[in-house]
Amino acid sequence: SDHMENICGYLMKYTNLVTGWQYRYFVLNNDAGLLEYFVNEQSRHLKPRGTLQLAGAVISPSDEDSHTFTVNAASGEQYKLRATDAKERQHWVSRLQICTQHHTEAIGKNNPPLKSRSFSLASQGSANSPGVQRRPSQNAVSFFNVGHHRLPTGKRVPIMQPDHLVDVREMMSQAEGQQRDLIRSIECLPASGHLTSLDQDLLMLKATSMATMNCLNDCFHILQLQHASQQKGSLPAGTTISWLEPKISLANHFKNGAAQNFPAEINKPASVREEQSIAEPCQLTREPEEINPDEELEDICDDKEDDLGAVEEQRSVILHLLSQLKLGMDLTRVVLPTFILEKRSLLEMYADFMSHPDLFIAITSGSSPEERMIRFVEYYLTSFHEGRKGAIAKKPYNPIIGETFHCSWRMPKSSVATDAGTNSSAHSPSEQGTLPKDPDGHAEQDYYTVKFVAEQVSHHPPVSGFYAECVERNMCVNAHVWTKSKFLGMSIGVTMVGEGVLHLLEHGEEYTFSLPCAYARSILTVPWVELGGKVNINCAKTGYSASINFHTKPFYGGKLHRVTGEVKQNMTNTVVCRVQGEWNSVLEFTYSNGETKYVDLTKLSVTRKRVRPLEKQGPFESRRLWQHVTESLRDGDIDKATEHKRALEERQRNEERLRAETETPWSTKYFLKDGDGWVYHKPLWKTVSAAQTQQTDSN
């Protein structure tokens with residue numbers, strides 16, 4: 001209470017797209033638990049222009065900058081505010097949070113739980129009956145009699161015994177059934193009238209009940225783990241604990257208000273039973289497998305993601321999903337609808353960033369450190385266009401832990417030598433140095449080979465490692481990426497946390513780089529992809545660096561997919577190249593000598609990757625692992641695709657629980673933990689170094 005003080009002052013308030021930010025005079029009334037604002041200080045004696053109840057509110061500093069914060073009231077109303085500096089923002093945020101906590105706790109003390117009542121809908125008679133008519137002052141939540149159960153006074157809660165877990169499971173099954181009935185009743189309400197299925201209070205009730213059941217299931221899982229750990233020491237050798245699984249997956253309680261049918265195991269398709277019965281990855285061979293590029297065939301798969309019909313038809317599903325999300329919520333553990341999925345794994349999407357191998361191989365052919373940095377920037381900026389398939393924002397499959405993807409590209413040497421120049425003064429083959437000889441004395445191939453491997457090395461957090469190399473040109477790239485997704489209202493943001501390193505062994509250079517954020521915009525209409533954020537590329541040896549900005553479209557006006565950047569020599573702080581344009585259209589490179597080069601990404605040739613046929617792939621290689629989901633999506637059978645996807649995810653959860661029970665750490669196949677990152681187990685820089693050492697010893 002000592003810290004509860006009434007403060008006032010000017011803050012900027014975001015009004016709307018047209019008006020934008022406006023200065024308003026705000027007053028924090030601690031006694032009443034209100035945040036009020038006026039046009040200016042002189043009008044403070046008049047009625048406030050706006051008032052927010054702080055009880056139950058959430059005060060959140062924004063990650064946009066150090067000045068902005070939001071006040072989200074329990075009513076759903078939101079104020080987006082901006083202070084003059086970080087210190088003032090902290091002052092307002094701390095005082096608002098103290099006031100909010102005080103009044104929220106006061107409500108809890110003054111409102112004890114209600115007496116026991118059943119989960120049931122009020123009587124639904126004719127449209128004129130009192131049970132259906134809703135008075136303007138009637139809260140929607142009160143329309144549904146949701147009960148709270150209290151233990152008799154003085155009765156102690158007994159310590160939960162292991163045998164009682166079965167009883168708890170039965171109680172939870174009953175609660176799940178009641179919650180399912182509640183959801184179905186809400187969604188069966190008419191689309192118009194006094195009380196609709198999209199009423200804000202009812203959407204909040206749906207989200208709250210779902211969150212409660214999720215929380216109960218998590219708590220029950222903790223009890224299972226505790227029970228298993230207590231009995232682990234006393235169990236006979238070879239005994240396996242049977243997990244008490246929920247009878248119905250919580251995520252599958254309902255679909256568009258219709259009851260779900262869960263057929264018996266014997267009625268499931270053979271492919272689903274196969275997905276559920278594949279041995280755990282750690283039980284298969286975890287030894288790295290050498291993939292022979294000669295076994296790989298040119299990819300004939302061409303899955304375009306231009307079908308907008310599904311999004312239009314499934315809008316009710318999206319609305320239901322949005323009703324369960326909160327601003328800033330981490331979407332890592334949120335199961336998204338199947339119809340928004342691309343027909344490829346995230347690991348394969350990373351491979352598609354290499355669809356211009358000629359530009360990648362040409363980096364090391366640059367005659368100077370400056371030219372090599374510029375070539376890398378050109379390759380980097382041209383990689384995102386092909387990495388995104390189609391204009392619609394669809395989501396790749398979340399890789400299963402232990403999942404891998406292998407592929408390669410073949411690029412004619414003549415094509416790299418003549419077509420990969422960065423500017424108009426392209427170098428001839430003689431200027432690019434002699435090609436390395438085959439160590440076995442075999443005839444030189446007339447093409448370069450770029451090999452790629454990716455692996456999902458972690459599930460929580462979701463981290464992918466990928467590695468590509470061109471042995472003939474003594475170059476390779478190693479990267480690890482942690483995808484963090486957040487709900488941002490009408491869009492979804494994905495932050496790519498991690499780092500990549502390009503190694504040019506011929507020159508002894510290492511280029512570190514990061515990846516931009518990705519955003520799925522307009523998720524209720526026609527979703528589209530946008531990149532945003534600043535990325536840096538650095539080469540410590542040469543002192544050259546590049547700074548690239550992916551610009552998100554402003555609220556009013558402006559271009560889509562705009563990117564700007566510059567390459568400079570850090571020692572002299574001299575800019576040697578500037579770039580601007582759109583990352584999915586045309587890029588303009590302006591060099592220090594005044595020359596200009598345009599790169600039209602829509603006309604760049606795409607080299608198809610080479611992939612082993614499905615029958616030669618291992619059970620945890622991406623295309624074989626997800627083949628039934630992909631086939632169902634191609635056939636337009638969303639329900640069947642969902643069933644296959646659910647089987648894979650359920651198997652992954654079961655394996656994770658088994659590892660927790662047996663305290664078995666996960667063992668990766670191709671990547672090794674290195675500090676905060678992951679490194680390929682057999683990188684080219686180690687192979688070359690070992691070969692040079694061996695040659696020195698022999699001499």
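When I call a residue buried in this talk, I mean that its relative accessible area is under 20%, while exposed means over 50% and partly exposed means in between, all with a 1.4 Å probe and protein chains only. Please keep in mind that this is a predicted model, in which local features need pLDDT of at least 70 and side-chain atom pairs count only at pLDDT 80 or more, while totals for chains, interfaces and linings use all residues. Residues are numbered from 1 along each chain as its sequence is written, and side-chain values use heavy atoms, with hydrogens and water left out.

Let me start with the charged side chains. Side chains of opposite charge can pair when their charged atoms come close. The rule used here for a salt bridge is a side-chain nitrogen of Lys or Arg within 4 Å of a carboxyl oxygen of Asp or Glu, and a search of the whole structure gives 21 of them.

Which residue forms a salt bridge with Glu 348? The partner is Lys 609, and the closest N and O atoms of the two are 3.3 Å apart. Because Lys 609 lies in the loop between β27 (596-600) and β28 (610-611), whereas Glu 348 belongs to helix α8 (residues 346-352), this pair ties together parts that are 261 residues apart in sequence. Lys 609 and Glu 348 are both buried.

A second salt bridge joins the side chains of Asp 299 and Arg 623, at 2.8 Å from N to O. This pair, too, links distant parts of the chain, since Asp 299 is in the loop between β12 (297-298) and α6 (309-313) and Arg 623 is in helix α12 (residues 622-625), 324 residues apart. Asp 299 and Arg 623 are again both buried. These two pairs belong to one network of salt bridges, in which Asp 299, Arg 344, Glu 348, Asp 352, Lys 609 and Arg 623 are linked.

Lys 451 lies in strand β16 (residues 447-458) and Glu 469 in strand β17 (residues 463-470), so the parts tied together here are 18 residues apart in sequence.

I turn now to the aromatic rings. Rings of Phe, Tyr and Trp (its six-membered ring) pair if their centres lie within 6.5 Å, and planes under 30 degrees apart count as stacked, over 60 as edge-to-face and the rest as tilted. By this rule there are 21 aromatic pairs. One of them is formed by Phe 384 and Phe 550, which count as edge-to-face because their ring centres are 5.5 Å apart and their planes stand at 80°. Since Phe 384 lies in helix α10 (residues 369-387) and Phe 550 in strand β23 (residues 544-551), the pair ties together parts that are 166 residues apart in sequence. Phe 384 is buried, with a relative accessible area of 6%, and Phe 550 is buried at 3%.

Finally, a word on helix α13 (residues 627-634), which is mostly covered, with 6 of its 8 residues buried. Those buried are Gln 627, His 628, Val 629, Thr 630, Ser 632 and Leu 633. After α13 comes Gly 636, whose phi is positive, near 75°.

Notes: Helix = DSSP H or I, 4+ residues; strand = E, 2+ residues; numbered from the N terminus.
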